[in-house]
Amino acid sequence: MHGTMTEGRKHKIAEGKQLKQELQRLRILGDAIDEEIYVTYPETHRVLFVNKKMEERFGKDIVGKKCYRVFQNLPRPCSFCNIKQISGKNLGKSYVRKLQNQRNKRWYRCMGKIIKWPGGKHVRYGLAIDINEQKKIEEALQDSEERFRLIVENSHDGITIIDNNFKIIYVNSELSRMLGYPREKMVGQDFRKFLDKESKFMVQDKYIRRLRGENVPLRCEFRVLRKNGEKKDVEIKSSEIRDRQGRIRIIGQLLDITESKRMEEERKRFEERLSALNKYGQNLNMATNMEEIYKLTLDAAEKTLGFEIASILIIEGKKLCLVAQRGYPKRISLQLPLDKYRGITTRAARKCKSVCVPDVRKDKAYFGGFLAESKGNQVVKRRIGRNGILSELAVPIMVGNKVLGVLNVESKKLAAFNEEDRKLLEILASHAATAITNLKRQERLSALNEYGQNLNMATSKEEIYKLTLDAMEKTLGFEFATVFMVEGKNLRLVAHRGYPEKFTVAFPLDGDRGVSAKAARRGKAVFIRDVRKEKAFVPGRPGMLSELAVPIKAGNEALGVLNVESERLAAFDENDRELFEILASHAATAISNLRKQDQLRGLSGKLAYLMKNTAEIMNVKEMHQRLRVIAEAMQKFGWRRVVISLRDENLEGTDLVASGLTQEETKLLLKRKAPGQVWKERLGPKFERFKIGGFYYLPWTDPWIRENVHGVAPEVPADKATTYAGVPSRLSPEEMVNWHPQDMLYAPLRTPNGRIVGILSMDDPIDGRIPTKESLAPLELFLYQAAIIIENAQLIESLKEAREQLEQKVDERTRELRKSQEQLLKAQRLAVIGELAGMVGHDLRNPLTSIAAATYYVKMRQSPETNGKIKEMLELIEKNIAYSNKIINDLLDYSREIDLELLEHTPKSIIEESLSSLEMPDNIQVIDLTESKPKVKVDIDKIKRACLNLIRNAIDAMPEGGTLTIKSEQTDSLLRISFSDTGMGMSKETMERLWTPLFTTKAKGMGFGLSICKRIVEAHGGSIAVESRRGKGTTFTITIPIQPKAKEGGEEVWVKPLESSLLTTMRI
């Protein structure tokens, strides 16, 4: 027993070693494989072994655990872990399957095999290969195949796939339909079976060339055979692909081009016929008569378009008449009323479009015509039938919306004409219409030119009206025609044709009635294709349906209107308008020439009157009377009111002469007269565009005039504005043609040298019309005469004023000479005083010196006990000696020459030195605002004395105290120093005598102070000025040059006594 257990134990140990060795060997082999490897017990599903790749994917602690839990996170074993795989005949087989792992959702290809394990047991050895990316590619390929199949099945092209042996693998439904075979009958067949003989050879040739490596076009055309034997043209586009096994497949995309090729051939044929028609069109335009046009048109219909039976019908009045034919057995005649329903051609003419009848037997309107036969001396017309005709095509010959006739073709076949025939016949009809229109236009233009010559020879308006109506009826073919003329503000009928004899009508030009009035207002032609829809239409004759009105214009002026009407809708076209305008132009020229002849006769009479009037003017001497004669003469030239205003050099009004104005109107005109500045603008460059000769015409209708002359806002319409710049017009609305009550007409009256001496204005034209250059030309002579009259009167007045002024100037000059003489005598007296003062000064100084010395001696000899009264007297003597010495110094300074010693100083230093020499009273405040710049060359002692005199005077002027302000200022090369006090100020009389020597307002003093100041400043090349206001104070201003002019030879500047300085004018 003991031995047996030992053997079993040994067996287990050996089995364990063997298992360990097997696992070790698996570890070495498994870790070297980059796929997931595992070993499990099939009975228990426990994991025995996993390699490193498996551990990285699912973790290291999975050995011993259930495989379905660890690998797929399932509650029970999967179907792959079937126990049947290890039993019986399945033992040892390998099993492969694809599955999606439920834990990481990745796809694997799993390979499993039952192998024998140490100990006699069997285990499952598994290998899991990650095919997740491969699975995605497979799914994408499957999705792509499904999309490809969906696109192919819904394609409008036939698609097939064939192999290298031309065997059909796949066809779509469209290719099946195209060839007429079921799809299942085509798959597996040789593709070449469905090609015609030539196409088979071409396909084989391309295949062989492709095998050789040649570059074969992928797109080509060939023919396929349908099941019913029909051949179809197809275009194939092929491309190579490879299936999953790498085999070459050809995908062919087939497009049915049978219809497009047929259409292309028809297009080429159509273009060839069209080109031939265009050549016929060129020949048609070179035709010189209608017969040639008809022949060429029928030639084109027969030879180019292939229509053997053809005819041309032209509208004549209210009928459609046959004028040319080809292909009929005998010559037939045909005239079809346009207002009846007989004839296919009349239907085309009425509808203005082509009519195609496939079977004339079913159309009641078909009419064969009449056959003309001779019986004796008579021609008998016999109606003929269809004569075998079965189909018909009628195309209108049209220019714009106007039908000239019909081009008709017939055939003995049913439905012989198609859409292409219609288009080509319409093109031929268009060429014929153009040729007919051009030829008729040339004939009409020639006839109109002849009428124009006759019109210019007419001697009366009535003759012009008659010739114009003749041209409208006989040349242009207008049956119902009228002539209107502008009379004032109305458009009046003056002549007509085709209407009742007593027909009369007139339209207001500013109203909304009458198509003719609309044309006159607009100044251009007016088309009315259907008068029933036109509110302005006024019926003149029953049954009228369309109307054309063209203005008779001379320049921009509408003289009248030519008008035609028709019983047909849209009866008039652009060609009619153009010819009608030419006739209107001839009529306008004739009427204008007739008017000019009348005007010349009138002008001749007016010139005669002008010459007579000029003689009358010369006999009148007084200016106002002469101007009145001119104004009255201008009234004779068609103006009710004339005003001549006289102007000065600023164009301000100085006088007025009017003719045709009442006293109230004259007063109103004077009240509303414009100032000179306004007239300067109205005669300036801004108004240059409104000039007519020598006149200016300012129309109220011009928005710029309303805004800048009358002050009307731009947004206000002309008919809503109420302002007026002058005297209201007396013209009634009926009297005004195109003149507006607020229009302005004026002219400057210029002398020969261009000076404006007056302005002439006119108003209220008798004919109610705006002025023209021709109507104003004679009046320009009056402008010259009026200007000369005014200038002569002004010259005479100027001479009178000049004489008076000369007398006044002689008196003034006499007074000035007397004053100058008095001043000269005064200066001479002062010069003598100066010389005397110098001598007296020298003579007085010696005794004063002796008195001063004696006084000093007596003071020195005084004892303490000397009487106080004696001391007081001695001080009084000294004070008076000093005062007398000052007077002597002033006398000497005034009389002697002034020598200057110039040194550089600043304004600040000059004033500071001056102020330091004075003892300033306590009640006087000094404000020194002088600056340290600029440096100026002065004689400091003398300039300081001048400043001291001015400062003392300022102190004396403020006995009750005040402020003295001293300022300096540099202006260019000058220095100004001002002394301003707040004293009592000076009177005008004092100011006038201020600089006169020996004049003073003080109780003490000789009056030399300011005179010496003035001499010192002037010695420096400067000046002194004074300003003073009573009760406000006085300001003295010294002005000296910064760099004074030096005397030749040195820096010293000197000046002699200047008696003339007494005459210097000062500022007050």
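Helices and strands in these legends are DSSP runs, numbered from the N terminus. All views show a predicted model.

**View A. The cis peptide bond between Lys933 and Pro934.** Lys933 and Pro934 are linked by a peptide bond in the cis form, with omega about 0°. Pro934 belongs to the loop that runs between β34 (924–929) and β35.

**View B. The largest nonpolar core.** This core comprises 36 residues, among which Phe979, Phe1036 and Ile1038 touch the most other members. Elements that each supply at least two of its residues include β35 (936–938), β36 (962–971), β37 (974–981) and β39 (1033–1041). Helix α23 provides the largest share, nine residues.

View C. Because its relative accessible area is 8%, Phe166 is classed as buried. Asp972 is exposed, since its relative accessible area is 71%.

**View D. A surface patch of negative charge.** The patch brings together Glu797, Glu801, Glu804, Glu807, Asp811 and Glu812. Glu801 lies in helix α20 (residues 780–860) and is partly exposed, at 39% relative accessible area.

**View E. Lys364 in the loop between β15 (355–357) and β16 (370–375)**. Lys364 counts as exposed, with a relative accessibility of 86%.

Technical notes: Residues are numbered from 1 along each chain as its sequence is written. This is a predicted model: local features need pLDDT of at least 70, side-chain atom pairs count only at pLDDT 80 or more; totals for chains, interfaces and linings use all residues. Side-chain values use heavy atoms; hydrogens and water are left out. Patches are made of residues with over 30% relative accessible area and no salt bridge: like charges are joined within 9 Å, nonpolar side chains (Val, Leu, Ile, Met, Phe, Trp, Tyr) within 5 Å. Accessible areas come from the Shrake-Rupley method with a 1.4 Å probe; for residues, only the protein chains shown count as cover. A salt bridge is a side-chain nitrogen of Lys or Arg within 4 Å of a carboxyl oxygen of Asp or Glu. Lys and Arg count as positive and Asp and Glu as negative; His and the chain ends are not counted. The place of a charge is taken as NZ of Lys, CZ of Arg, CG of Asp or CD of Glu. Helices (H or I, at least four residues) and strands (E, at least two) are DSSP runs, numbered from the N terminus. Buried means under 20% relative accessible area, exposed over 50%, partly exposed in between (1.4 Å probe, protein chains only). A nonpolar core is a set of buried Ala, Val, Leu, Ile, Met, Phe, Trp, Tyr and Cys residues joined through side-chain atoms within 4.5 Å.
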